[in-house]
Amino acid sequence: LRYSNNYTTLTRNELIQAVQSQMSQKRFQHVLGVEQTAVELAEKYGASNEAASIAALTHDYAKERSDKEMQELIYREQFDLELLEYGSNIWHGPLGAFLVEQELGISDSDILNAIKYHTIGAPEMTILEQVIYVADYIEPGRNFPSVEKARKIAAENLQAAVQYETKQTLQHLIEKNRKIYPKTIATYNKWVANP
Ligand code: GDP
Ligand code: FE
Ligand code: FE
Ligand code: FE
């Protein structure tokens, strides 16, 4: 996939270098899996494959930043202070979108929102946002009980895949007695309880 210059002045190889420098080899392999799946879903469901590639490559850009750096960013950039009650799992979406814009110069709002919402979803999601949310869950390296069913659903119906993933994630978090971020509930209410 050759980039057109519409979304970034970097080549795909340059973007890959920038992303790889931010993370472990294992996470980088996950990112490449998300890219492959996201490009396929974008072509199937009608999003830009280039935007899907860029959003997928950058979606976990901030995941390995230190808690201290993330907490300082939340204060300095006036993110919702409720975020402080959570951790990197919740922060790396919204803060990742911010850092990808600042550090990589990507400004397309659909790409930035796809990064921002890739963990928790949102009541309204564009096709690209849905593609990244689902690709993150079903990329070839994922291996958990519900992933096969999620892949089957994603091959048929993107919205149904968002719905399935949202329900599975919430169930999993409750099973593990994890604190639920309220926006995760808002996503559930819109996509699962009131589809
Ligand atoms: P990854 O970055 O590729 O590992 O995947 P995600 O960004 O989608 O998710 C990161 C982690 O956050 C996963 O373990 C999710 O289960 C978890 N997560 C998603 N929503 C919530 C929530 O509301 N509360 C908590 N505590 N964790 C969540
Ligand atoms: Fe993530
Ligand atoms: Fe996810
Ligand atoms: Fe991810």
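A donor, in what follows, is an N, O or S atom within 2.8 Å of the metal; water is not among the atoms, so a site may look incomplete. In this predicted model, the iron ion (ligand 2) is coordinated on those terms by Asp60 (OD), His92 (NE2) and His118 (NE2), at 2.1 Å. Along the sequence, the donor residues of this ion are spaced D-x31-H-x25-H. His92 belongs to helix α5 (residues 88-104), whereas His118 sits in the loop between α6 (109-116) and α7 (127-138), so the two histidines tie together parts that are 26 residues apart in sequence. Both His92 and His118 are buried.

The iron ion (ligand 4) is coordinated by His30 (NE2), His59 (NE2), Asp60 (OD) and Asp136 (OD), at 2.2 Å. Its donors follow the spacing H-x28-H-D-x75-D along the chain. Here His30 is part of helix α2 (residues 25-45), and His59 lies in the loop between α3 (49-58) and α4 (67-76), so this pair ties together parts that are 29 residues apart in sequence. Residues under 20% relative accessible area are classed as buried. His30, at 10% relative accessibility, therefore counts as buried, and His59 is buried with a relative accessible area of 0%.

For Arg142, an N or O atom in the side chain is 2.8 Å from an oxygen atom of ligand 1. Taken alone, ligand 1 exposes 590 Å², of which the protein buries 83%. There are 16 residues around the ligand, and those that come nearest are Lys63, Thr119, Arg142, Lys179 and Thr184.

The last stop is helix α1 (residues 12-20), whose buried residues are Leu15, Ile16 and Val19. Viewed down the axis of α1, these residues fall within an arc of 100 degrees, so they line one face of the helix. Asn13 and Gln17, on the other side of α1, are exposed. The cover over the buried residues of α1 includes α2, α3 and α5.

Methods:
Residues numbered from 1 in each chain as written. Chains lettered and ligands numbered in written order. Predicted model: local features only at pLDDT ≥ 70, side-chain atom pairs only at ≥ 80, totals over all residues. Heavy atoms only, no water. Donors = N, O, S within 2.8 Å, 3.2 Å for Na, K, Ca; no water. Helix = DSSP H or I, 4+ residues; strand = E, 2+ residues; numbered from the N terminus. Buried < 20%, exposed > 50% of the residue type's maximum accessible area, 1.4 Å probe, protein only. Arc of directions from axis to C-beta. Contact = heavy atoms within 4.5 Å. Near = heavy atom within 4 Å. Polar contact = N/O pair within 3.5 Å; in protein donor to acceptor, adjacent residues only side chain to side chain. Areas by Shrake-Rupley, 256 points an atom, 1.4 Å probe, with all protein chains shown as cover.
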